[in-house]
Amino acid sequence: MSRKRGGGEIIDVESAATKQEKVFRSIKPDLAVVVGGKEFQEYSQHLCYSCEYFDNALRSGMKESWTKRFEFSDKDPKEWELVRSMLVPMGVRPRAEDVSIVLPWFDKLCCYEGVKECDKTLEAHLRAVFQGKFNGSASYRNGVPRPTGNIRPLTEGLDLSLRFPGMGQSKQCCFELISCILTTNRHLLKDMTDRATIASLMTTNEEFRKTCWAVMNGNLPAAIAAQHPSADESLLENGVWAGLILSAMVEAPNGYRY
């Protein structure tokens, strides 16, 4: 199965499996991985090298250590084909559009190299997407530069980086980009769904809430600042308040500051 990267390069996701067969051609596959009812013949040496999940299971005396059979009945076989193509030491790197598919697998399988690659891919993708929005790639409205597009890739990336351990680089990137939006690019928050997503993440993640408050507390609308003169980030723990504050900041007359 061939797939094309953005630059036109052809990537064959089955090439890793082909390389695997060449490396282990002197032995036969000794492990079955059954995903959504489809059985894949795998090499335990390769899976154990890539994923602590398999290594620990085969060493622990669990049922899988003697059946040599792992089942993921609620998963999609096409996802496993993608995941196995990316397992070290001979796998391909995840593309930005693959991260949301393979990251949950890598997390479950304790494939730390896979998580690290997802982290680097997601960070690079977000910086590339938003560099144009914040810098030169802008249309103009009443003489004011107004970057086009929404921030859905950012809110989705932030959700992933907060849900899965090991995504430190992309998480920090998301924090930086959100801070930039809240400070000088608030027109990018015109979409109500994006505002609701950010408000929800504020209520559920303390680190993100503190990051947002650091750039929001000096820009609170006068009416809110007057009601809460000594407010701190706990004001954002309530999703309704967080959403109202975001909306007030975006709709304020100075909401298009640069």
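How many helices and strands does the secondary structure of the chain come to? The answer is 13 helices and 7 strands, where helices (H or I, at least four residues) and strands (E, at least two) are DSSP runs numbered from the N terminus. This is a predicted model, in which local features need pLDDT of at least 70 and side-chain atom pairs count only at pLDDT 80 or more, while totals for chains, interfaces and linings use all residues. Residues are numbered from 1 along each chain as its sequence is written, and side-chain values use heavy atoms, with hydrogens and water left out.

**The chain overall**

- Of the 258 residues of the chain, 43% are buried; buried means under 20% relative accessible area, exposed over 50%, and partly exposed in between, with a 1.4 Å probe and protein chains only.
- Among contacts (heavy atoms within 4.5 Å) with a separation of 6 or more, 62% join residues 24 or more positions apart.

**Helices α6 and α7**

- Helix α6 spans residues 99-108 and helix α7 residues 112-134; their axes come within 9 Å and cross at roughly 150°. Axes here are lines fitted to C-alpha atoms, for helices over the stretch in contact, with angles running from 0 to 180 degrees between N-to-C directions.
- That angle makes α6 roughly antiparallel to α7, on a scale where under 35 degrees is roughly parallel, over 145 roughly antiparallel, 65 to 115 roughly perpendicular and the rest oblique.
- The crossing of α6 and α7 is left-handed, a label used if the near helix is turned anticlockwise from the far one by less than a right angle, with clockwise giving right-handed.
- On the α6 side the contact is made by V99, V102, L103, F106 and D107, and on the α7 side by G114, V115, C118 and T121.
- Those contact residues divide into 6 nonpolar, 2 polar and 1 charged. Ala, Val, Leu, Ile, Met, Phe, Trp, Tyr, Cys and Pro count as nonpolar, Asp, Glu, Lys and Arg as charged, and the others, Gly among them, as polar.

**Aromatic pairs**

- The structure holds 8 aromatic pairs. Rings of Phe, Tyr and Trp (its six-membered ring) pair if their centres lie within 6.5 Å; planes under 30 degrees apart count as stacked, over 60 as edge-to-face and the rest as tilted.
- Y53 and F54 form an edge-to-face pair, at 5.4 Å centre to centre and 90° between the planes.
- Y53 is partly exposed at 27% relative accessibility, whereas F54 is buried at 0%.
- Ring pairs also link Y53, F54, F70, F72, W80 and W105 into a cluster.
- The rings of F175 and F208 are stacked, because their planes are at 25° with the centres 5.5 Å apart.
- That pair links distant parts of the chain, 33 residues apart: F175 sits in helix α9 (residues 168-184) and F208 in helix α11 (residues 206-216). Both F175 and F208 are buried.

**Two residues of helix α9**

- I178 belongs to α9 and is buried, at 2% relative accessibility.
- Beyond its neighbours within four places in sequence, I178 touches L154, L158, I198, F208 and C212.
- Leaving aside neighbours within four places, S170 is in contact with D119, L122, E123 and S161.
- S170 and D119 are 51 residues apart along the chain, yet their C-alpha atoms are separated by 5.6 Å.
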